[in-house]
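I opened the model and kept notes as I went. The entries follow in the order I looked things up.

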Amino acid sequence: LAPGFYVPRGFRNFCDIMFGSTLLSTFRKVVLWTLGWSFGTVFLTFSVGLIFSILMNDAKLHMQKLYRVLLIIPYSIPFFISVLIFKGLLNKDFGFINSCLNIIGINSVAWLESPHLAKVSCLLVNLWLGYPYMFLVVTGILQSLPTSVYEAAKIDGATSMQQFKLITLPLIFNAIVPLLIGSFAFNLNNFVGIYLLTGGGPPIAGASTPVGNTDILISYTYRLAFEG
């Protein structure tokens, strides 16, 4: 006979998380931050990538190819190396960013130790790593749009802003929405971006389990399974 005995749990583990008083408040915070992290990352990377794409798509701009190469440099560096570099740059005591702030008379900022600043730092670092992808995709879409549409709009008296709002943006959205959904799903499980930068910290005070203010669901699950 196999040693021990089995106790059926069924859905009780899920019920403990969703309705149990011990984990409910912590789990709610993690879920809200996970959604905010994913939405914020997609919105920021798409917005910055769109702006750079429109600027680089201007025919009057000199050295377009050079600027485009420079803008995709973050995409060519391995993801985990970039995150570790930013972790050093944002270090409170020895980071380069705080050293520059000290030179101009500003006290060191706890980028990764403050709950709110740690979340902002996560979003900004992921923006740096993610905007080149959106920049490349949107640039490809812009270059495939027919010029005859814009010529007709100019004849009708449409301004540049009206052309962007009524022609460019809708056409881009039609092509990029599936990629935005895929990017959102990817960032829901972006374990490396969170764990290497902040380790999920800073810790949530009074939590009954090992969990931090920047933990997303996947990193929270990892900490419960292997660090609890």
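**Nonpolar surface patch**

I began with the surface and found a nonpolar patch of about 930 Å², made by M63, L66, Y67, L70, I73, I77, F80, I81, L84, I85 and V192. I am working from a predicted model, so side-chain atom pairs count only at pLDDT 80 or more.

Next I asked which helices each supply at least two residues of the patch. They are helix 3 (64-71) and helix 5 (79-89). Helix 5 gives the largest share, four residues.

I then picked out Y67, one of the patch residues. Y67 sits in helix 3. Its relative accessibility is 31%, so I logged Y67 as partly exposed. Patch members need over 30%, and Y67 is at 31%.

**Salt bridge**

How many salt bridges does a search of the whole structure find? I got one. It joins the side chains of R223 and D215, at 2.7 Å from N to O.

The cut-off I applied for buried is under 20%.

**Cysteines**

I searched for disulfides and found zero. A disulfide is a covalent bond between the sulfur atoms of two cysteines. I also looked up the exposure of two cysteines. C15 has a relative accessible area of 39% and is therefore partly exposed. C100 is at 31% relative accessibility, so C100 is partly exposed as well.

**P202**

Where is P202 found? I placed P202 in the loop between helix 10 (191-195) and helix 11 (217-226). With 11% relative accessibility, P202 counts as buried.

I listed what P202 touches, leaving out residues up to four places away in sequence. The list is L112, E113, S114, P115, A118, G212 and N213.

P202 and F19 are 183 residues apart along the chain, and 25 Å separates their C-alpha atoms.

**Aromatic pairs**

I counted aromatic pairs and reached 12. F39 and F184 make one of them, a tilted pair with 4.8 Å between centres and 45° between the planes. I checked F39 for exposure. F39 is at 55% relative accessibility, so I noted it as exposed.

Y75 and Y133 form another tilted pair, 6.3 Å centre to centre with 45° between the planes. Y75 lies in helix 4 (residues 73-76) and Y133 in helix 7 (residues 115-144), so the pair ties together parts 58 residues apart in sequence. Y75 has 46% relative accessibility and counts as partly exposed. Y133 has 28% and also counts as partly exposed.

The centre distance must be within 6.5 Å for a pair, and Y75 with Y133 comes in at 6.3 Å.

Last, I asked which residues form one aromatic cluster. I wrote down F52, F86, W128 and Y131.

Key. Residues are numbered from 1 along each chain as its sequence is written. This is a predicted model: local features need pLDDT of at least 70, side-chain atom pairs count only at pLDDT 80 or more; totals for chains, interfaces and linings use all residues. Side-chain values use heavy atoms; hydrogens and water are left out. A disulfide is a pair of cysteine sulfur atoms within 2.5 Å. Buried means under 20% relative accessible area, exposed over 50%, partly exposed in between (1.4 Å probe, protein chains only). Patches are made of residues with over 30% relative accessible area and no salt bridge: like charges are joined within 9 Å, nonpolar side chains (Val, Leu, Ile, Met, Phe, Trp, Tyr) within 5 Å. Accessible areas come from the Shrake-Rupley method with a 1.4 Å probe; for residues, only the protein chains shown count as cover. A salt bridge is a side-chain nitrogen of Lys or Arg within 4 Å of a carboxyl oxygen of Asp or Glu. Contact means heavy atoms within 4.5 Å. Rings of Phe, Tyr and Trp (its six-membered ring) pair if their centres lie within 6.5 Å; planes under 30 degrees apart count as stacked, over 60 as edge-to-face and the rest as tilted.
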